Amino acid sequence: MKVFVGIAEAAERLEDLIERARLGDEIVICRDGTPTASLAPIDEKEKAMDRFLALAAEGRKNVPVGATSNHDDFYDEHGLPI
């Protein structure tokens, strides 16, 4: 469910609104009737990061043990080796 609240009401009910967002409600905070911000559960972002790290680890399986990257040909903006 989408819930619209003004800033003052959001300040008074913050704990309740955070719980509702955690349970799946979309909380939209408005200033002068205009949507300004929203509350979303952070665990969704953590799940995305977990998926990203799992994919990164999976990609490393293809690299031979002990392999390193040679960056001798990298230069900074002044042409000096990094």
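**Reading the labels**

Modeller: Let us start with Asp25, which is buried, with a relative accessible area of 19%, and please keep in mind throughout that this is a predicted model.

Biologist: Why is Asp25 called buried?

Modeller: The word buried is used under 20% relative accessible area, and Asp25 has 19%, so Asp25 is counted as buried.

Biologist: What makes the contact of Asp25 with Arg20 a salt bridge?

Modeller: The side chains of Asp25 and Arg20 meet at 2.9 Å, N to O, and a salt bridge asks for a side-chain nitrogen of Lys or Arg within 4 Å of a carboxyl oxygen of Asp or Glu, so the pair qualifies. Arg20, for its part, has a relative accessible area of 23% and is therefore partly exposed, since that label covers values between 20% and 50%.

Biologist: How many salt bridges does the structure hold?

Modeller: There are five. Among them is the one between Lys2 and Glu26, whose side chains meet at 3.9 Å, N to O, and this pair links distant parts of the chain, with Lys2 in strand β1 and Glu26 in strand β2, 24 residues apart.

Biologist: What links Glu9, Arg13 and Asp16?

Modeller: These three are linked in a network of salt bridges, in which the side chains of Glu9 and Arg13 meet at 2.7 Å, N to O. Glu9 is partly exposed at 33% relative accessibility, and Arg13 is partly exposed with a relative accessible area of 26%.

Biologist: What makes β1 and β3 the edge strands of the sheet?

Modeller: The sheet is open, with three strands in the order β1-β2-β3 and mixed pairing. Strands β1 (2–6) and β3 (34–39) are its edges, as each of them pairs on one side only.

Biologist: How do you know that β1 pairs with β2?

Modeller: Pairing requires at least two bridges between the strands, and five bridges join β1 to strand β2 (residues 26–31), so the two are paired, and they run parallel. β2 and β3, in turn, pair in the antiparallel sense over five bridges, and they form a hairpin with two residues between them, where Asp32 in the turn has a positive phi of about 55°.

Biologist: What packs on this sheet?

Modeller: Helix α2 (residues 14–22) does, touching β1, β2 and β3, and its direction makes about 70° with that of β3.

Biologist: Which residues make the nonpolar surface patch?

Modeller: Met49, Phe52 and Leu53 make a nonpolar surface patch of about 320 Å², and Phe52 has its place in helix α3 (residues 43–60).

Conventions: Residues are numbered from 1 along each chain as its sequence is written. This is a predicted model: local features need pLDDT of at least 70, side-chain atom pairs count only at pLDDT 80 or more; totals for chains, interfaces and linings use all residues. Side-chain values use heavy atoms; hydrogens and water are left out. Patches are made of residues with over 30% relative accessible area and no salt bridge: like charges are joined within 9 Å, nonpolar side chains (Val, Leu, Ile, Met, Phe, Trp, Tyr) within 5 Å. Accessible areas come from the Shrake-Rupley method with a 1.4 Å probe; for residues, only the protein chains shown count as cover. Helices (H or I, at least four residues) and strands (E, at least two) are DSSP runs, numbered from the N terminus. Contact means heavy atoms within 4.5 Å. Axes are lines fitted to C-alpha atoms, for helices over the stretch in contact, and angles run from 0 to 180 degrees between N-to-C directions. Buried means under 20% relative accessible area, exposed over 50%, partly exposed in between (1.4 Å probe, protein chains only).
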